[in-house]
Amino acid sequence: MEIKLAKTAGFCFGVDRAVNLVYSLIDKGEKVCTLGPIIHNRQLVEDLDRRGVKTIESPSECEEGYKIVVRTHGVEKCVINEIKNKGTEYVDATCPFVLKIHKIVSERSAETVTLIAGDENHPEVMGIRSFCTGRSYVFKNESELQKIISEEKIFPSDKVICVSQTTFSLDEWKKCKKILKKVYTNCEIFDTICCATSDRQEEARSLSKECDAMIVVGGRHSSNTCKLRDVCAENTPTFLIETAAELSDIDFSSYSVVGVTAGASTPSVIIKEVLKTMSEEIKEKEVEAAEEVAETAEIADKAKTAAVDVSADGETTFAEMLEQSFSDDDTSKIVKGIVVNITPTEVFVDVPGRKQTGVIAAEDLSSEPFEKCEDVVSVGDELDLIIMKTDDQDGVLKLSKKLTDAFKGWDEIVSAKEADEILEGTVVAVIRGGVLVNVKGTRVFVPASLTGIPRNQDLNILKDTTVRFKIIDLNQSRRRAVGSIRTVINEERKAAREAAWEKLEEGMVLTGTVKSLTSYGAFVDIGGIDGMIHISELSWTRIKHPSEVVNVGDQVEVTIKALDNETRKISLGFKKIEDNPWEILKRDYPVGTDVEAKVVGIAAFGAFANIIPGIDGLIHISEISYERVKTPADVLSIGDEIKARITEIDFERKRVSLSMKALLEKPEEKIEALADEQPEEAENAEASETQTEE
């Protein structure tokens with residue numbers, strides 16, 4: 001199968017600009033929320049969500065400290081006004097092509113009737129219409145435009161302008177323009193379909209005519225992606241997928257050439273994953289076919305007969321094959337034999353009605369690995385066997401149990417596929433593109449991508465192990481089966497997560513393992529379910545990155561702070577109450593305690609000094625010294641080690657007051673002490689004090 005990729009697939013200019021803008025804000029440490037999804041791509045929006053970006057529906061939902069980003073489609077004029085009135089900081093990521101339409105209708109709609117080609121419920125169209133100051137109407141196709149005309153909502157003499165949604169169908173736009181020019185001769189038409197949209201649609205149309213099928217990658221709620229699907233579907237079978245995982249639901253066996261294109265809001269990483277998966281599928285199918293041909297040839301050489309021929313359509317069961325196997329030619333007949341003797345290399349059986357001795361060579365006994373023939377059969381066992389060769393001269397029937405096992409196993413595999421049952425088998429070989437699993441005498445191919453083993457890990461770790469899998473594809477005519485270990489793993493994980501989720505409650509204390517770190521927090525596995533510790537919950541003191549507190553692989557004790565049943569998100573707490581610096585202050589540093597502190601900030605009204613990690617106290621300018629201090633910077637510098645007394649603590653407002661002069665001797669007390677010892681010096685000190693006060 002040949003894969004053809006459209007040159008214009010992927011992000012357009014406006015989407016690329018908006019996405020880069022949001023990621024740059026995150027990298028700068030900004031708290032960001034977007035008005036609606038930044039683009040119509042679920043995977044990218046989920047990635048932003050994991051990075052701490054919140055999606056809100058209105059400016060009123062914006063939390064303090066967050067910056068609003070207006071999405072690419074733009075928003076209604078009243079929403080921008082609401083943001084400005086609220087005083088919230090915002091960044092406008094509206095596509096420049098959409099802003100151009102806003103400008104057109106703002107400047108021209110007052111004295112004209114505005115027609116808008118697009119979906120009236122789409123955010124972009126709602127935004128455009130909000131900038132219209134006169135009458136406006138929306139139509140999404142030729143028939144809706146005809147309806148507006150037939151209802152005489154617009155008279156031919158009216159001044160009319162017409163714009164379109166940037167992602168409107170190019171074909172539909174051409175039809176509507178033709179009608180407008182005929183009915184409203186003075187209509188001013190603006191071609192506002194984005195050039196990226198028109199280029200994509202034209203290329204998709206051309207490519208779809210060259211291919212047997214088309215894959216369109218993008219969000220199902222993306223207007224431009226859906227338009228691409230519609231364009232392609234006019235010429236060839238078309239499949240819209242959001243991620244590479246959905247490729248497994250498509251049977252490519254009947255297509256020789258498959259085209260791939262993508263919507264303007266589809267990240268390049270998703271497109272690359274789709275192409276990579278499709279390429280791997282091709283390689284895996286080629287390898288699988290080669291393996292199957294070799295195995296079929298081996299069976300054909302051994303059996304040469306009706307037993308194999310009968311089953312060639314893949315629909316004949318073992319019972320039917322047994323019924324049809326009796327012919328004049330002994331070779332490949334299915335017979336029953338009773339084990340009478342076992343040697344290290346052969347098993348001897350008695351075949352009722354036959355004069356020859358039946359012999360099963362060890363290599364024809366079973367497809368499963370074994371050490372001794374006794375591990376497979378016992379004397380007295382009755383077996384279904386295929387006659388591979390009749391040697392009348394030696395009086396021997398050469399028989400195979402392995403072949404009959406394979407035929408029986410195929411029937412069970414077909415049944416398991418129909419019943420969606422889990423099978424167990426042994427991985428007997430690692431081949432290019434995947435592994436072969438022996439189950440009930442039949443080999444099942446499991447592609448590497450469906451083994452559940454990470455891409456960078458050696459598949460040989462599965463060799464000779466027992467695995468559980470489901471059959472996801474059957475080729476009856478070629479007796480070929482494809483299995484998926486990953487499907488079973490995912491189902492079991494999902495069931496385990498659901499079971500574990502039901503037991504979770506807010507306030508529970510659990511032990512988990514740190515799985516990954518981001519700039520905004522740490523993700524922790526708490527028994528098959530991931531929760532997140534926000535960076536603000538990792539330490540009572542301010543930190544720049546979670547790695548300052550935890551590392552990947554660390555075992556941590558966490559508390560469930562919040563559970564969101566709808567989104568299945570868990571917020572975790574990590575800080576211990578006993579480590580809260582305010583609790584430490586309350587316990588060890590009551591009012592009146594003398595402390596050694598470090599000056600960490602200087603202001604016009606005083607200085608801030610760190611008492612313990614996480615708590616700074618204020619030394620008001622009046623509390624620095626008994627002598628008059630003009631500015632704190634004249635006396636103190638950042639980094640100075642000082643002694644002070646805690647004079648007040650406001651736990652509710654999280655404030656501490658410190659006094660340096662409380663530890664100093666009052667001037668009058670100093671004078672009195674001098675008077676007792678040296679009267680003359682005391683008089684001079686008192687005079688100096690009076691002069692200072694004056």
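Predicted model: local features only at pLDDT ≥ 70, side-chain atom pairs only at ≥ 80, totals over all residues.
In helix 2, which spans residues 42-50, the buried residues are Gln43, Leu44, Val45 and Leu48, where buried means under 20% relative accessible area, exposed means over 50% and partly exposed lies in between, with a 1.4 Å probe and protein chains only. After helix 2 comes Gly52, with a positive phi near 100 degrees. Helices here are DSSP runs of H or I with at least four residues, strands are runs of E with at least two, and both are numbered from the N terminus.

Residues are numbered from 1 along each chain as its sequence is written, and side-chain values use heavy atoms, with hydrogens and water left out.

For the protein as a whole, the secondary structure comes to 17 helices and 32 strands, and 46% of the 694 residues are buried.

Let me turn to a pair of helices. Helix 8 (residues 195-208) packs with helix 9 (residues 223-233) at an angle of about 30 degrees, and their axes are 8 Å apart; the axes are lines fitted to C-alpha atoms, for helices over the stretch in contact, and angles run from 0 to 180 degrees between N-to-C directions. Helix 8 and helix 9 are therefore roughly parallel, since angles under 35 degrees count as roughly parallel, over 145 as roughly antiparallel, 65 to 115 as roughly perpendicular and the rest as oblique. From helix 8, Arg200, Gln201, Ala204, Arg205 and Ser208 meet Lys227, Leu228, Val231 and Cys232 of helix 9, a contact being heavy atoms within 4.5 Å.

Now to a lysine, and which is it, buried or exposed? Lys401, which lies in helix 13 (residues 401-419), is buried, because its relative accessible area is 13%. Leaving aside residues up to four places away in sequence, Lys401 touches Ile360, Asp364, Leu365, Val376, Val377, Leu383, Asp384 and Leu385.

Finally, the cysteines. How many disulfides does the count come to? The count is 0, taking a disulfide as a pair of cysteine sulfur atoms within 2.5 Å. For Cys62, the closest cysteine sulfur is that of Cys33 at 3.6 Å, so the two are too far for a bond. Cys62 counts as buried because its relative accessibility is 10%, and Cys194 counts as buried because its value is 8%.
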